Amino acid sequence: MSFEQLSLGTEAMRAAQGALGVIGHNIANINTEGYTRQRAVLVTNPPQDYSPGQRGTGVHIDAIKRLTDEFTRLQIEEENQKAGQYEIYTKLMEQIEQVLNEPTDTGLQTAISDFFNSFHTLANTPEDYGARSVVLGKAQGLVTKLNSLSRQMQAIQNEVDQVIRIKVDEINSLTERIAVLNDKIASVEAGGIQNANDLRDSRELLVKQLNKILDVTSFEDENKNLLIEAQGAVLVAGTRSIPLSAVSDANGHLVPANANSGVPIVVTGGELKGLLDARDTMIGQTLDKLDTLASTLIEEVNRLHTQGTTLSGHLTAQGDVVVSQPAVIMALLTDNDVTYPVQAGTFYITTYDQVTGAVVDEQAITVDPATQSLNDIINSVTLAFSGTGSLTAGLTGDNRLQFTAGAGCQFEFIQDSTENTDDSDFLLAFGVNTFFSGNSAYSIALKDSVTADPDTITAGKSASPGDNRNALLIYALQNERLLNSGTTTLTDYYASIVSEAGTESQTAKRNEETQTALMLMLEQRMASSTGVSLDEEAANMLIFQRMFQAAAKYISAMDTVLDTLINGL
Amino acid sequence: MTIRVTNSQQMGQVMSDINKNLRLLQELQLQISTGKRINQPSDDPIGVVKSVGLKSGIAATEQHQSNISDGTARLNAAILALSSTSDLLLEIEGLSADVVNNLTPQTSAMRPIVITEINQMINEIFINANAKYLGKYLFGGHESLTRPYIEATDAYGNITGVSRNVRGIDDPIMHTVAEGIGIQINVSGSMPFMPNGEGGQNDIFDSVLRLRDALTSGDMGAASDALDDLRDEFENINVAIAIAGNRLQQMETTESNNEELSIFKQMNLSDILDVDMARAIIDLNYQNYILQCSLEVGAKIIAPSLLDFI
């Protein structure tokens, strides 16, 4: 009999108090993100040799352990990449759908229908200003719609660029904090005595957040440092983080890259993957298709338009294509100058007396792009009409093709006697007597001369005002299979753009739903093993509360025993 | 090992279920409030493609109907002018036949009056040949803003000869009445009045002017010849009316076909885009019920805790 029972009781009280502290910590963090429940591990003190046998010496707290679930945690890290990727991709797909704005009565399909139908309104009354202004109005509607589709899609791409910049900053902030935590955890756990429970929780949470943005792999080295890599690019090594930066790629869009070397990193998952996929693949393709649609529309409408006649004849006709090298043979002109190439063929001009409407002169001009330059054609036109002096050709100050009627004359691009028209695409190539200008959804516009004077919309195939044949041909374009090597109409092509966006968005939504369900399941499993249960803590609290009381009572009992021993004897 | 159920797990499950139910409810609410089953392409990509095609078809049919109504009006106006000409020819024939066939002193006295009337009617025929619809000459072909027939007059304003503006006069003007189908909506300008040029066969003006001049000069032989020609002209103009009438009928048939087709397309479009209201409302109520259940169950599960009992 000695005083050791008193210290046994004290230690038991201390252990109970420590355990209650852990329980308090658990309860306090019941709703803390990334928190893993902890347990005080109680271990019996080393026994003493005694007669007749070993005697127990009480209890102490050996460690405070995190009850973590490494397997589920790694799975969550893995799946969180996909969750981040699908979530942001779905949002962007929804944005694309909103831009396309179908099915409504204000989408591009309506604009296309209205535009072509207006050419039949023109065909019904080619003599009327009213019908011509209807064509202008509907054409403007179509042009505006194409422009705004293109601009809105590009705006989404620019928005993505902004988000990529923000995400890169977030990655840098996360890796920096992970590096700091690496340092702290290493120093706490250095002696092998203490567990850096809460610091590890923080670090795991940061890795989880990092995985949502970018697919990274992590492993802990022998110094307790977490090494983090993204497809071979090291982001965190020991207590050092390597920052990323957003750099421009070949298309002028931002991609994440190593801040020091400027080498882009490979992105295979996470929000960055979703952002890049949406911007470069989906929006990129949609923009390309809109451009193809617009370019085909411009080419086909313009070709027919150059082959028609105006209501009141041209006094002057200017091209809207600026030709930087008019002396170079036409076959060698690059796309920057001429989108729609010149073919070998012939175009025709007839000049009329402005007052009587009688034919003054008609000439056929042969065009061979392989041997002739624009200047050659200009010379041959002027030479051909030199007899009557009723027409001259030349270049404007900014190198655009221009035809000018002689005094008292006006002209049309047909041969009056045969009604032959341009089969060389010469006028189309240089934008003379065309309807649209530009060559993409972004750049399509109405030709200035057409908006300035709707009489120059070419409804006819002859100099007669009631001739509606060309308007009928342009009207009929809407049913012609102009795209995908003659299999698809303009409307069908647009429908395919919408359906591709719709299908992609639908798939994205389904992927996101599946991923969300999977993540929920994993999070639930994680919550089941590492989350705090109040009932459990309450039960444990009761046990340790009672332990504390009993230990105190034990001390009091021992005190009485000692009192009897010391004072009573 | 027993499966632990923790508070955050319970809360997560309840929240996820309630959110899911709310989202389904919201989808149904959107469908009902817009009346549309498809509100964005991803709701039904294939349906959207069909709807784009159908809408452009419906818009095309609307344009066809408007083309038909414009064409019908112009053909009717042409038939009106031609019928009036045909009537005038009959009248001229009736009036002059009396004079030519019954040469009595009485009819001789009538002659100046008949000639005046015939002059009047020649003017009317001339006006018919230059008839306009909405400011455009019906019989001018593509030269719709230039008078197709030009008259020469004497000092008294009587017509002495009529020539035609050859340019564009016989050009057909086509209107599209259905996809790929065009119908000519004008009557060739020469055909009813002078198909073979001035003084050629079936030149109405030549015949009536010859008749008038023969009556004026009293050359009943020439008058009788002119009367015979006039009967040919009458036939000719009635053929023109029949042709125009035929085209009119073709357009009317197409118009009613278009209308039916358009109704089918509308119905098809509605099938694709519109929501089945009865079904959607039943679904909404059911979904609402499920949401309430999940809320109540959630409240019951989350509330109790061991702490309430110790």
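Two strands pair if DSSP finds at least two bridges between them, and this meaning of pairing applies to the legends below, which describe a predicted model.

**View 1. A four-stranded open sheet in chain A.** In this sheet the four strands are arranged in the order S3-S4-S5-S6 of chain A, again with antiparallel pairing. Strand S3 (217–220) and strand S6 (240–241) of chain A each have a single partner strand, so one side of each is left without a neighbour in the sheet. Strand S5 (residues 233–237) of chain A runs antiparallel to S6(A), and two bridges join them; within this pair, Val236(A) has Ser241(A) of S6(A) as its bridge partner.

**View 2. Two hairpins, one in each chain.** In chain A, strand S7 (residues 244–248) and strand S8 (residues 254–258) pair in the antiparallel sense over five bridges, and Leu244(A) has Asn258(A) in S8(A) as its bridge partner. Five residues lie between S7(A) and S8(A) in this hairpin, and Gly252(A) in the turn has a positive phi of about 80°. In chain B, strand S3 (residues 149–153) and strand S4 (residues 159–164) run antiparallel and are joined by five bridges, with Ile150(B) opposite Ser163(B) of S4(B). The hairpin formed by S3(B) and S4(B) also has five residues between its strands, and the residue with a positive phi of about 85° in its turn is Gly157(B).

**View 3. Nonpolar cores and the contacts of Ile178(A).** The largest nonpolar core holds 89 residues, of which Ile178(A), Tyr494(A) and Val498(A) touch the most other members. Helix H4 (residues 129–189) of chain A gives the most to this core, with 18 residues. Leaving aside residues up to four places away in sequence, Ile178(A) touches Arg203(A), Leu206(A), Val207(A), Leu226(A), Ile228(A), Val236(A) and Ser241(A). A second, separate core of 43 residues has Val100(B), Ala129(B), Phe139(B) and Leu211(B) among its members.

View 4. Helix H10 (residues 469–476) of chain A is mostly covered, since seven of its eight residues are buried; among them are Arg469(A), Asn470(A), Leu472(A) and Tyr475(A). The cover over the buried residues of H10(A) includes helix H3 (108–124) and helix H6 (270–306) of chain A, together with S5 of chain B. Val450(A) belongs to helix H9 (residues 448–452) of chain A. A residue is buried if 20 or more other C-beta atoms lie within 10 Å of its own, and Val450(A) counts as buried because it has 23 other C-beta atoms within 10 Å. Not counting residues up to four places away in sequence, Val450(A) touches Phe435(A), Thr456(A) and Ile457(A).

**View 5. The side of chain B that touches chain A.** Here 48 residues of chain B are in contact with 47 residues of chain A. Helix H1 (7–34), helix H2 (45–101) and strand S5 (174–178) of chain B each supply at least two residues of this side of chain B, and H2(B) gives the most, with 14 residues. By residue type, the side of chain B that touches chain A divides into 18 nonpolar, 22 polar and eight charged residues.

**View 6. The domains of the two chains.** Chain A is divided into domain 1 (4–67 + 532–568) and domain 2 (315–432), and the C-alpha centres of these two domains of chain A lie 103 Å apart. In chain B the assignment gives domain 1 (1–35 + 276–310) and domain 2 (52–266), whose centres, taken over C-alpha atoms, are separated by 79 Å.

Methods. Residues are numbered from 1 along each chain as its sequence is written. Chains are lettered from A and ligands numbered from 1 in the order in which they are written. This is a predicted model: local features need pLDDT of at least 70, side-chain atom pairs count only at pLDDT 80 or more; totals for chains, interfaces and linings use all residues. Domain bounds come from an automatic or database domain assignment. Two residues are in contact if their C-beta atoms, placed from the backbone, lie within 7 Å. Ala, Val, Leu, Ile, Met, Phe, Trp, Tyr, Cys and Pro count as nonpolar, Asp, Glu, Lys and Arg as charged, and the others, Gly among them, as polar. A nonpolar core is a set of buried Ala, Val, Leu, Ile, Met, Phe, Trp, Tyr and Cys residues joined through C-beta atoms within 7 Å. A residue is buried if 20 or more other C-beta atoms lie within 10 Å of its own, exposed if 12 or fewer, and partly exposed in between; C-beta atoms are placed from the backbone.
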